[in-house]
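Student: Could you go through this model with me, one question at a time?

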Amino acid sequence: MAANSNGAMSGAVSRNSGLKIQTQKKQNGICHDDSAPPVKAQTIDELHSLQRKKSAPTTPINGAQGSFTALSEEERQKQQLQSISASLASLTRETGPKVVKGDPANRIEGQKVAHVSHHHVEAPTIGVSDSSLKFTHVLYNLSPAELYEQAIKYEKGSFITSTGALATLSGAKTGRSPRDKRVVKDETTEKDLWWGKGSPNIEMDEHTFMVNRERAVDYLNSLEKVFVNDQFLNWDPQNKIKVRIVSARAYHSLFMHNMCIRPTPEELENFGTPDFTIYNAGQFPCNRYTHHMTSSTSIDLNLARREMVILGTQYAGEMKKGLFSVMHYLMPKRQILSLHSGCNMGKDGDVALFFGLSGIVSLDNVTMRSQERYVPLLLISLMPAIICFENAMCPYSSVFDLFIHEFNKCVLGTGKTTLSTDHNRFLIGDDEHCWSDDGVSNIEGGCYAKCIDLSKEKEPDIWNAIKFGTVLENVVFDEHTREVDYSEKSVTENTRAAYPIEFIPNVKLPCVAPHPKNVILLACDAFGVLPPVSKLSLAQTMYHFISGYTALVAGTEDGIKEPQATFSACFGAAFIMMHPTKYAAMLAEKMQKHGATGWLVNTGWSGGRYGCGSRIKLAYTRKIIDAIHSGSLLKAKYKKTVVFGLEIPTGIEGVPSEILEPQNTWKDKKAYKDTLLKLAELFKNNFETFTNYKIGEDNKLTEEILAAGPNF
């Protein structure tokens, strides 16, 4: 209590009386209310409507006279709805559904809805269906906050984690289904695409595609609401691809919001007709009696129609990699090289590309749960692995037992993400790029990072990116605190985080860069015979680019078994559409034109194979990469190795000189030579798939590439 001027305590009360509250009174005797004025609403619904401010784009567009005229909001929305209705049109009924914007849950009962129906052409009426009498509500380019609300309210298994990310489940499929992917084979694609032995492209006919398309579209039209994303691929402004994704889940919409390039309001106003459309029917299965179907899952590409249909899987990675396959077709048609690589740029503008394979694959209770990039790698490598184990007098009685016991855990890891993420350099992108006449551009607008065993210490950038707006797939979290346990594999080992690329602090925006100075091919050689670094000739770069080598290593309770070589053409065999030599020839042409140097960097073993030697220290590999970036490695002295004919430096600052030549680190020189010849033989056998493919009119380039391989 404060004392007044008379020394008495202001507001003092006696022991026997309560505290008297002094109030000011107006002249009319009513107590003064100093709170805010009442809200301008008569009902709770009106109050809620005041909470949300409308945010429609108002950017002017080009008028007929070339001047800028404002397009009315009503007309703009009508055009968008007509475009969406056209996308969802049934090709047998020749009409699109009645579409209306907004969440059906927010519609007031009895309210008249303004809608748009789209008709392609006048066609005879087959009959009135239930779907033609209903509205399809379109949730168009929703914000992350709106998609959070949709997911948490309507999609079981959706939760907000302690860091603000949206945790969700992808259903029964926790990885891609490469054996269920189909490509329409027509007169054009028969000539353009890679078919046959070694190819990831499995053919289907046009009619079967249309059956699956109709099935997906009918399912989406039967829903009360669908999510529609209009976005872009490729940061190169001259070669952007407009994509539309129609899906049934908020999870899928938020995933693609993060992974594709997000349009500005101005770009969205002028979006128009998409260049490519995805119809993602999610859990709704294909008809297994349909021709070419091998399961209830089907991922179908029709390059002529520029459409993709997804049935029977909710795994969001199918959309990302499906579009990457499309870019592997569309970009080379424009003489632009599409690349499965990481990319960073130094402060002086020097750019490096990183090619490599990484991930974890395991077998658990006869179910292959794999990181999405390595399902195709395993499929390619399983047969050679079986042969190798059988030749090594495999102790198990069957291939079934072999997989359960021997492939408990297969580890791959070349360090592509780790080495391309450098705090001293700007990140252009971590996975998908294009190389045009203007330089390098990222295809995506986000990152799709592995989360298994994620820690803040090992991957601080990824750790810090997992916040509001990020999608966390198939992770396990504490039911009370919502803290994620990244070591937990109860759902799958293929736990993932999808987040916008701007969540990475050292990203360069826009994600474009000058022509690369260095092309770095990363290999985790578990045989321990490749040098830590080799300077490659142009032909050698093409040879090792086409080979796409890394190694699987199998660990079991019974002991360590021999490593298994695996090859993925162009370091992304599952996604390429044309023959690998097409991409290799384009790479060589661009490297030669812009003076880029090729390097083969082994991040695997030294002093012996896996189980005998030791893995090359990351600190040494970083020193090697730093020397490549600085240009000092170009000035080093070199000598050539036997068999592979690789140029290896005699010294690198910060790296022990004895490890630069692999045979120096092996105690058993005979074992080294035998292992070296064995790996060379595996390279040779793998390359037989490509030897009969002619590059150029005189086939000279093919001969140069073959000569750049191992020489016995």
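Tutor: Let us begin with a single pair of residues, bearing in mind that the model is predicted. Leu166 has a bridge partner in strand 24, and that partner is Val471.

Student: In which sense do strand 6 and strand 24 pair?

Tutor: In general, strands of a sheet pair through backbone hydrogen bonds, and the sense can be either parallel or antiparallel. Here strand 6, residues 166-168, and strand 24, residues 471-473, are joined over 3 bridges, and the sense of their pairing is parallel.

Student: Which strands are the edge strands of the open sheet?

Tutor: The open sheet is formed by 5 strands with mixed pairing, and their order is 5-6-24-27-23. An edge strand pairs on one side only, and this applies to strand 5 (159-160) and strand 23 (446-450).

Student: How is helix 13 oriented relative to helix 16?

Tutor: Helix 13 (residues 538-547) packs with helix 16 (residues 669-687) at an angle of about 80°, and their axes are 10 Å apart. Because angles of 65 to 115 degrees count as roughly perpendicular, helix 13 is, relative to helix 16, roughly perpendicular.

Student: How many residues of the contact of helix 13 with helix 16 are charged?

Tutor: Helix 13 contributes Tyr543, His544, Ile546 and Ser547, while helix 16 contributes Phe683, Lys684, Asn686 and Phe687. These residues divide into 4 nonpolar and 3 polar, and the number that are charged is 1.

Student: Is Cys434 buried or exposed?

Tutor: A residue counts as buried when its relative accessible area is under 20%. Since the value for Cys434 is 1%, Cys434 is buried.

Note on methods. Residues numbered from 1 in each chain as written. Predicted model: local features only at pLDDT ≥ 70, side-chain atom pairs only at ≥ 80, totals over all residues. Heavy atoms only, no water. Buried < 20%, exposed > 50% of the residue type's maximum accessible area, 1.4 Å probe, protein only. Axes fitted to C-alpha atoms, helices over the stretch in contact; angles between N-to-C directions. Helix = DSSP H or I, 4+ residues; strand = E, 2+ residues; numbered from the N terminus. Parallel < 35°, antiparallel > 145°, perpendicular 65-115°, else oblique. Contact = heavy atoms within 4.5 Å. Nonpolar A, V, L, I, M, F, W, Y, C, P; charged D, E, K, R; others polar. Pairing = 2+ DSSP bridges.
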